[in-house]
There are 2 protein chains.
Amino acid sequence: MERLENIGEDLLIQSLIEHVPLKNNVLLGPGDDCAVMQQVGSGDFQLLKTDSIFEGTHFMKDAPPYWIGWKATARVVSDFAAMGGKPDALMVAIALPKQQTLTNIKLIYEGIFACARQFNFSIVGGETSSNEKIVLTLSGVGTCQKPILRSGAQDQDAIFVTGELGGSIKGKHLRFLPRMHEALWLSENFTITAMMDLSDGLGKDLPRLATASQLGYEIELDSIPITNGCNIQQAIDDGEDYELLFTCNANHTESMMAEWTKIFPSLKLSKIGKMSKKCDTPLTGGWDHFL
Amino acid sequence: MERLENIGEDLLIQSLIEHVPLKNNVLLGPGDDCAVMQQVGSGDFQLLKTDSIFEGTHFMKDAPPYWIGWKATARVVSDFAAMGGKPDALMVAIALPKQQTLTNIKLIYEGIFACARQFNFSIVGGETSSNEKIVLTLSGVGTCQKPILRSGAQDQDAIFVTGELGGSIKGKHLRFLPRMHEALWLSENFTITAMMDLSDGLGKDLPRLATASQLGYEIELDSIPITNGCNIQQAIDDGEDYELLFTCNANHTESMMAEWTKIFPSLKLSKIGKMSKKCDTPLTGGWDHFL
């Protein structure tokens with residue numbers, strides 16, 4: 001009998017997707033960082049997202065409660081950003097052990113609320129349940145002027161990543177800053193052909209973007225930005241970078257990089273390769289939730 | 001040190017609610033069955049909801065997978081219904097044990113998709129995680145023409161419940177039909193002053209509605225509709241009825257009940273008492289997630 005541990009997350013989703021009920025006002029269903037809906041009476045689009053983090057998987061039992069709340073929320077902000085959008089209103093479904101102290105619970109919510117204030121959106125409600133381990137699911141809506149999908153990359157487009165990759169387990173995976181302002185700036189000023197956020201590692205996420213765009217890629221391994229203290233394999237394999245991975249027409253590369261340095265002087269922007277009809281650089285690794 | 005098990009769900013939420021970040025387009029934040037947002041360029045309102053069910057709490061390990069999916073989805077439909085609205089697009093965050101069979105997982109999704117088809121909405125995406133126990137969080141958006149809040153009941157309004165109460169643990173808690181069509185019909189044809197769905201039991205939910213409306217209530221215990229095989233205490237205490245609890249002006253009682261019988265001949269509608277400035281019938285019991 002086929003079990004989840006033998007097939008993995010991507011195949012599971014593929015096997016379900018053909019049966020998904022979708023009505024006409026859904027412009028993009030499952031498979032990208034967010035779903036996209038038509039927004040009644042507006043030129044903008046509505047984005048929808050849900051995302052969970054689990055004690056023992058996404059954070060350890062002794063993680064600071066404030067940063068648990070922050071992480072759960074910032075992950076969703078990162079997904080809205082990856083579409084070229086921003087969150088508008090999120091909800092919090094939280095499961096807590098009965099023995100949890102009120103002080104710790106309030107710290108979790110402080111982290112959630114701090115992220116909402118920093119990125120200017122509302123927390124409009126939620127749900128509490130009892131569970132042996134902490135689980136946080138953040139869900140909600142956002143908007144964008146024009147959604148940037150994973151599927152729009154063109155042959156010979158340049159491939160970029162923000163920041164530095166690898167080693168997020170040392171702390172960044174909890175305390176990261178979602179690249180919302182950067183993604184909005186990119187989408188407003190340049191023609192970004194495809195974008196996603198790096199949550200499962202470059203080695204897993206770049207092939208997803210390439211597959212969605214029906215292309216391969218050629219990566220210059222030397223140009224992959226590596227977190228201090230990590231090696232190239234960690235930069236490719238490690239998950240939870242929460243950096244942007246995007247493509248744009250190669251002719252715009254230089255002007256984009258020059259402008260970027262002025263606007264975001266403290267955040268690296270690296271051109272790591274190009275989209276290609278062939279794929280001569282297999283990237284291995286990345287994180288699968290079930291394998 | 002204060003722990004969750006000593007304060008319970010309602011007090012936890014109260015202690016958090018004053019710090020919630022809410023922007024101007026949020027008409028109703030936490031505290032009702034759904035949040036309510038202004039919908040750009042439309043006379044309608046957007047509803048937002050998130051809700052989780054856990055293996056071991058909301059369903060047992062041996063529950064039929066199809067009905068686990070159905071229940072997770074129908075609970076959210078019931079919340080949209082309780083606002084006088086309907087769901088438009090939901091997302092599925094699911095946590096699964098690695099050993100779960102593909103057959104079972106597909107059955108869970110069949111239950112989700114069947115509920116979406118029956119109540120005419122989309123499943124626009126989701127998220128999968130690995131966890132020892134199954135957890136399902138359904139979240140998303142809906143619409144209503146005019147939200148019916150818990151807080152609108154007036155002194156002397158008649159109190160109604162649909163269906164029969166108690167004993168849902170015998171099976172109804174998994175296989176229930178959310179009262180969406182009934183709630184839409186009520187809200188379109190009568191002035192429903194307050195409404196909610198019965199998820200934690202009449203004994204817990206009626207006081208919530210009364211508190212939100214700053215009123216008490218007088219209940220005629222004999223008029224509470226009891227599920228066959230249950231007693232009055234179970235009808236008051238048991239959770240997961242997923243029936244509607246609502247109030248309307250006492251003058252409309254007779255015409256409403258006469259019309260109801262024609263439109264929904266197979267579903268009971270019972271007048272169980274009235275809202276009151278005093279409260280001479282304390283109802284005890286109901287379900288708290290943490291106590």
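Hi everyone, and thanks for coming. One thing to keep in mind from the start: this is a predicted model.

Let's begin with the two chains together. Now, what about the surface where the copies touch? Of the interface residues in chain A, 100% are also interface residues in chain B, so the copies meet through the same surface.

Next, a place where a helix from one chain comes up to a helix from the other. Two packed helices are described by the angle between their axes and the distance between the axes. The crossing of H3(A) past H1(B) is right-handed. Which residues make this contact? From H3(A) we have Leu102(A), Ile105(A), Lys106(A), Tyr109(A) and Phe113(A), and from H1(B) we have Leu4(B), Ile7(B), Leu12(B), Ser15(B) and Leu16(B). Sorted by class, this contact of H3(A) with H1(B) has 8 nonpolar residues, 1 polar and 1 charged.

Let's stay with H3(A) and look at a partner inside its own chain. Helix H2 of chain A, residues 65-82, packs against H3(A) at an angle of about 35°, and the two axes are 6 Å apart. Once again we have a right-handed crossing, this time of H2(A) past H3(A). The H2(A) side of the contact includes Gly69(A), Trp70(A) and Thr73(A), while the H3(A) side includes Ile108(A), Gly111(A) and Cys115(A). By class, the contact of H2(A) with H3(A) holds 10 nonpolar, 5 polar and 1 charged residues.

Now over to the sheets of chain B. One of them is an open sheet of 6 strands with mixed pairing, in the order S1-S2-S3-S6-S4-S5. Where does it end? Its edge strands are S1 (26-28) and S5 (122-130) of chain B, and each pairs on one side only. On average, neighbouring strands of this sheet are turned by 20° against each other, ignoring direction. Let's zoom in on one pair: strand S3 (residues 45-54) and strand S6 (residues 135-144) of chain B run antiparallel and share 10 bridges. As a landmark, Ser52(B) sits opposite Thr137(B) in S6(B). Lying across S3, S4 and S6 of chain B is helix H2 of that chain, residues 65-82, and it runs at about 145° to S3(B).

Chain B also has an open sheet of 5 strands, in the order S8-S10-S7-S11-S9, with antiparallel pairing. At its edges stand S8 (192-197) and S9 (216-219) of chain B; each has a single partner strand, so one side of each is left without a neighbour in the sheet. From one strand to the next, the twist averages 30°. S8(B) pairs with strand S10 (residues 244-248) of chain B in the antiparallel sense over 5 bridges, and Met196(B) stands opposite Leu245(B) in S10(B).

Which helix lies across S8 and S10 of chain B? That is helix H5 of chain B, residues 180-189, running at about 10° to S10(B). Helix H8 of chain B, residues 253-263, packs on the sheet too, touching S7, S8, S10 and S11 of chain B, and its direction makes about 160° with that of S11(B).

Finally, these two helices pack on each other. The angle between H5(B) and H8(B) is about 140°, with the axes 12 Å apart. That makes H5(B) oblique to H8(B). In this contact, Glu182(B), Trp185(B) and Leu186(B) from H5(B) meet Met256(B), Glu259(B), Trp260(B) and Ile263(B) from H8(B). By class, the contact of H5(B) with H8(B) has 5 nonpolar residues, no polar ones and 2 charged.

Conventions. Residues are numbered from 1 along each chain as its sequence is written. Chains are lettered from A and ligands numbered from 1 in the order in which they are written. This is a predicted model: local features need pLDDT of at least 70, side-chain atom pairs count only at pLDDT 80 or more; totals for chains, interfaces and linings use all residues. Side-chain values use heavy atoms; hydrogens and water are left out. A crossing is left-handed if the near helix is turned anticlockwise from the far one by less than a right angle, and right-handed if clockwise. Helices (H or I, at least four residues) and strands (E, at least two) are DSSP runs, numbered from the N terminus. Contact means heavy atoms within 4.5 Å. Ala, Val, Leu, Ile, Met, Phe, Trp, Tyr, Cys and Pro count as nonpolar, Asp, Glu, Lys and Arg as charged, and the others, Gly among them, as polar. Two strands pair if DSSP finds at least two bridges between them. Axes are lines fitted to C-alpha atoms, for helices over the stretch in contact, and angles run from 0 to 180 degrees between N-to-C directions. Angles under 35 degrees count as roughly parallel, over 145 as roughly antiparallel, 65 to 115 as roughly perpendicular and the rest as oblique.
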